[in-house]
Amino acid sequence: MRTILWIAAIFGLAGIASSFALRTNAEATAPEDKQPVHKAFGIEKRELWTTSKVKGSPEPPDPYAIAKAYPNQKFTEPLELTPVPGKKAWVTAERYGKIFTFDGDFTKGDKKLVLDVGRVVYGVVLHPKFQENGFIYVSSITEMDKPDGSRISRFEVKDRSVMTADLKSEKVILTWPSGGHNGGCLRFGPEGFLYLSTGDGSGIADGRETGQDLSDLLGSIIRIDVDKEEDGKAYRIPPDNPFVNMKGARGEVYAYGIRQCWKISFDSATGDLWAGEVGQDLWESVYKIEKGGNYGWSVMEGNHPFRPERKKGPTPILKPLIEHNHSEFRSLTGGFIYHGKRLPELRGAYIYGDYDTGRVWMLRYDTQNKKVIEHRELAKTNLRIVAWGQDADGEVYAVDFVSGGIFHLVPAPPAANATAFPRKLSETGLFADTAKLTPAKGLIPYSVNAELWSDGATKERFMAIPGDGKIEYETVTYPQPSPGSVPGWRFPDGTVMVKTFSLETEPGKHHRLETRLLVGKIVGGTEEYGDQVWSGYTYIWNDAQTDAELADLKGVDREFTIKTATGERKQNWHFPSRAECNMCHTVTGKYTLGVNTAQMNKDHNYGGIIANQLATLEHLEVFDRKLPAPVEKLGKLADYRDTKASLDDRARAYLHANCSHCHRKWGGGNAEFQLISSLPLKELGVIDVKPGQGTFDLKDPRILVPGEPERSLIHHRMTRLGLGRMPHIASTVVDEDAVKLIGDWIKAMPK
């Protein structure tokens, strides 16, 4: 399953920013004839920000919203939702092996444990004749990187009224190699055969080159008859499978050229097989699967060449119905054709979503003319959509990996009288003088202890809190349990975090690139149900540096010339899409990544007055309560550029700031380890742990090998550009100082 953008957050005060000089932390400086002085707080009196024009959205409102369909149901890291044939009930599978059933009546809250497999489960499906035979089929991982580490097992529920399966009834039906992409989605087709989607078994770039190889079961969709046994197998290969008679091919293969189809489904009306494909570098795809179809991986990624020099399979490569580039989607979760009655306008449409961005889309396909005739976004959500389910009535439900809830689409409430969203930075009400970047009255400047690497750019930060609103200090705790996760701050409705990026394009000359806004909206309810929504926008500065214009929702890339004392070079800069902002500013990261106690507990230069930022905010009564302890006793990240700090503190701070918003419990990172600084090193799950996302041609690598940076993927992936780079979005320049820091840290560890 499933990057690094920016920390966005800032306060500012009128008159202060006019004396700002661009530095790494972009703090105000004292006039040249005065030395800065240290004081207990940096700003004497809070002024109120009352000029906000950052309201509404630049896009038309979505036609649908997401709502809890089963308010009384909650699961722990669910990965699948499937109906019970012959009964109005559901079965859901949790990641670590527990399988539950619950009533299809949303007013009933009881769930019952059917089975605890005791290992990682990726898929579950009940036999179409379940009421007669009681068979449940489960895909699971027994051990990673083993030739038979993935398996389909059959369990039996003898008494369907009790719905308890006997663990000892397990019968292994099929095994295949386990690896970085395991697939695991199970569905019964209209003819009664069992279908399985498998991944390519590698972490990256189809390292096993199995996508076009029919001699194994990886990178394929498998079709078997589990009602019969044949040739010593616990199943029969249907005689009409497309490659039964091909020499060297596995007869179980129904389609191939698959990277990681994360959820397949059958159209209950037509029997057509649909699949959502998780791409690698740039593209997420939806396929309509044909018997014998070749979907291109890893020669192609969707419609685009990936490794065109690799050997192709024996059948022509077929194209996806649609694609999303990574400005919209990052990890597509395949859905279902909607046949319900609640939303008649969506009947016949394929509903699907994205795990990373939470967005929900639809497409409508004209089978006769073989073309997509409608394709549009339905809703923006804060969910980690990990699966979809469909009941016997054709209604479709989304499963949220983080909250463990089950949701469905509902018509969006009527939009309030919309105000024009500012198209220029000068129209936002954030700056008194945009060209000089002088903040409007009421903004408060700030800096952070540990910077996010942004390809050498410097940043100026402000926080804008409407009126006399207050920050709730460390009240954001969801989701829990999350080891090492510290509470976040909760901001008033309409808060805007502001960050301006600049590059030194020639010695002593900084060019403003963009100003990013992160805008908070409080929507009511509880943390678990998503009581706040943060939206990101970026404004691109003009060449005259007088103003900035709102970027397109899909973002854009531009090339800049960087002149140095030794010559000049070209540097690409990525202006993020709206969706990309939400990949890092997530509920698990407490949304505003850089505005928290550990990052803000530092001295800041307020125009010649140096003072602790937390003490300053407390003095201004910005917090809703007194700080729980003196600032020197509160949590604090190290400045990883400060060589006076310990090597361990510096390295841990760098990894926390640059990696931990994904690499934490429920953070969205594909790997199982964590990189938050508040956990002891031994609890991060990195020491001598085999990588789950490929070896990158290293000899016997681990995530981190004490004393050996050359075998440590944490270090190696920081050195890469392009494929396999970490961070893998929003960065095209290696942070050489950080590479040395992490390398020195690993070298210093005792073997």
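How many residues does helix α7 have, and what does it reach from its first C-alpha to its last?

**View 1. Helix α7, residues 736–748, in a predicted model.** Helix α7 has 13 residues. From the first C-alpha to the last, α7 reaches 18 Å, close to the 18 Å expected at 1.5 Å a residue.

**View 2. The buried residues of α7 and the helices they pack against.** Ala738, Val739, Leu741, Ile742, Gly743, Trp745 and Ile746 are buried in α7. The buried residues of this helix pack against two helices, α5 (647–659) and α6 (713–719).

**View 3. Strand β16, residues 273–277.** Five of the five residues of β16 are buried, so the strand is largely enclosed by the rest of the structure. In a regular strand the side chains alternate between the two faces of the sheet. Leu273, Ala275 and Glu277 point one way from β16, while Trp274 and Gly276 point the other way. Residues on both sides are buried, Glu277 and Trp274 among them.

**View 4. The hairpin of β15 and β16.** Strand β15 covers residues 261–266 and pairs with β16 in the antiparallel sense over four bridges. Six residues lie between the two strands of the hairpin. In the turn, Gly271 has a positive phi of about 85 degrees.

**View 5. Strand β16 beside β17.** Strand β17, residues 283–289, also pairs with β16 in the antiparallel sense, over five bridges. Here the bridge partner of Ala275 is Tyr287 in β17.

Notes: Residues are numbered from 1 along each chain as its sequence is written. This is a predicted model: local features need pLDDT of at least 70, side-chain atom pairs count only at pLDDT 80 or more; totals for chains, interfaces and linings use all residues. Side-chain values use heavy atoms; hydrogens and water are left out. The expected span of a helix is 1.5 Å times one less than its number of residues. Buried means under 20% relative accessible area, exposed over 50%, partly exposed in between (1.4 Å probe, protein chains only). Contact means heavy atoms within 4.5 Å. Two strands pair if DSSP finds at least two bridges between them.
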